[in-house]
Amino acid sequence: MMKRALVTGVTGQDGSYLAELLLNEGYEVYGMVRRLSWENYERIAAIRDAITLLEADLLDEYSLLTVIEKVEPDELYNLAAQSYVPTSFDQPVLTAQFNALGVTKLLEAIRRVKPDTRFYQASTSEMFGKVREVPQRETTPFHPRSPYGVAKVYGYYITVNYRESYGLHASNGILFNHESPRRGLKFVTRKITDAVARIKHGLARELRLGNLDARRDWGFAGDSARAMWLMLQQDQPDDYVIAMGETHSVRDFCEIAFAHVGLNYEDYVVVDPHFYRPAEVDLLLGDPGKARTRLGWVPEVSFADLVTMMVDADMRRVADERPLVGGYV
Ligand code: NAP
Ligand code: G4F
């Protein structure tokens, strides 16, 4: 019989890659979506007919119970969240309701309806925040620096707690930043690659950014999705850091992205304090040793290839947006 997987956040970057992977692995795939006034299914357009979408919201525990009763999933991947760190400073309560209490609501629904469901929680390197050691590994203490990070620490520990209290097969993936051409346009990598394409096509003159010295351990979202799936294939639930094991600054990212189309980032990037954060995460560098050894997880896309993949995709997309007549400079 086909295994059934339920993915919350299926319309997001990671949800779309994970749903594709699960289909390729032969799963019956269900995606949880919230009702919006306008459907936002662009990222899952290619697989829309191959998956089943069900409406529910992390804020509404009854809708979660109903979805789990309907699907009876073998595996549930909780990727839904308010995922943008700056928004968490502006909407700290809503962020906690989605990213902290939402996880409890899902775990409790699983416990009541189908306790043998394997559960994946999308935890994050933002929990390390003001880092206590370098590189960060599964045993590194947390020190979150944003309401987003604080809420995710709650989500992490409630997952551990349901595993320890009720014996649920519940695992945390502590994922470091992962990007792709499907990344939201506000996140720094995509903001840069979109701007590179617009500048190269003569549609923009500058790119305004905040802290160019922040360092991240950036990988490819498709590689991250494989790690999520591998975690739920293990006999025992556990928590894993998923990272590339290398760190680069925002400035490094700009340099490679602009150079890929023959431009010098220094001619276009303007530092704008508007994009500084009340508290910053200066340096993230993960140690993926446990995932490599226990899961056999090895990323396939390098940092440099990720940057050029994103620039190339935005160059094509922006070119297609150009009007047929009138043109741009
Ligand atoms: P994303 O592109 O922002 O997608 C977030 C998804 O959550 C969207 O499908 C969104 O639905 C859904 N969602 C938000 N609030 C919801 C609610 N109340 N009820 C139901 N669905 C809701 O994020 P992502 O980059 O794919 O990240 C996926 C998960 O991994 C998130 O939990 C994020 O915090 C975590 N994470 C991401 C990274 C990373 O670098 N990407 C690293 C570590 C952890 P709409 O389409 O309706 O908005
Ligand atoms: O791309 P970012 O907004 O991602 P951030 O804050 O690291 O969070 C992402 O990764 C987390 C994993 O560690 C996820 F949990 C989370 O959901 C999300 O996917 O910012 C990266 C860095 C920051 O240090 C920020 O200050 O880039 C710096 N930055 C500099 N200028 C900027 C900008 N970030 C944004 N978004 N926009 C700027 O103009």
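Analyst: Terms first: helices (H or I, at least four residues) and strands (E, at least two) are DSSP runs, numbered from the N terminus. This is a predicted model, where local features need pLDDT of at least 70, side-chain atom pairs count only at pLDDT 80 or more, and totals for chains, interfaces and linings use all residues. Residues are numbered from 1 along each chain as its sequence is written, and side-chain values use heavy atoms, with hydrogens and water left out.

User: How many cavities of 30 Å³ or more are there?
Analyst: The structure has 1. The largest cavity holds about 70 Å³ of space. A cavity is a set of points on a 1 Å grid over the protein atoms alone where a 1.4 Å probe fits but cannot get out.

User: Which elements each supply at least two residues of its lining?
Analyst: β10 (219-220) and α7 (221-232) do. The lining of the largest cavity includes G219, F220, D223 and S224, and also W297. Lining residues have an atom within 4 Å of a point.

User: Now helices. At what angle do α6 and α10 pack?
Analyst: α6 (residues 188-200) and α10 (residues 303-321) pack at about 50 degrees, with axes 8 Å apart. The two are therefore oblique to each other. Oblique is what remains after under 35 degrees (roughly parallel), over 145 (roughly antiparallel) and 65 to 115 (roughly perpendicular).

User: Which residues of α6 meet α10?
Analyst: Among them are T189, R190, D194 and K200 in α6; the α10 side includes V307, D314 and E321. Contact means heavy atoms within 4.5 Å.

Note on methods: Chains lettered and ligands numbered in written order. 1 Å grid on protein atoms, 1.4 Å probe; cavity = no way out; pocket = protein on both sides within 12 Å on 5 of 7 lines; lining within 4 Å. Points joined across faces, edges and corners; volume = space filled by probe spheres on them. Axes fitted to C-alpha atoms, helices over the stretch in contact; angles between N-to-C directions.
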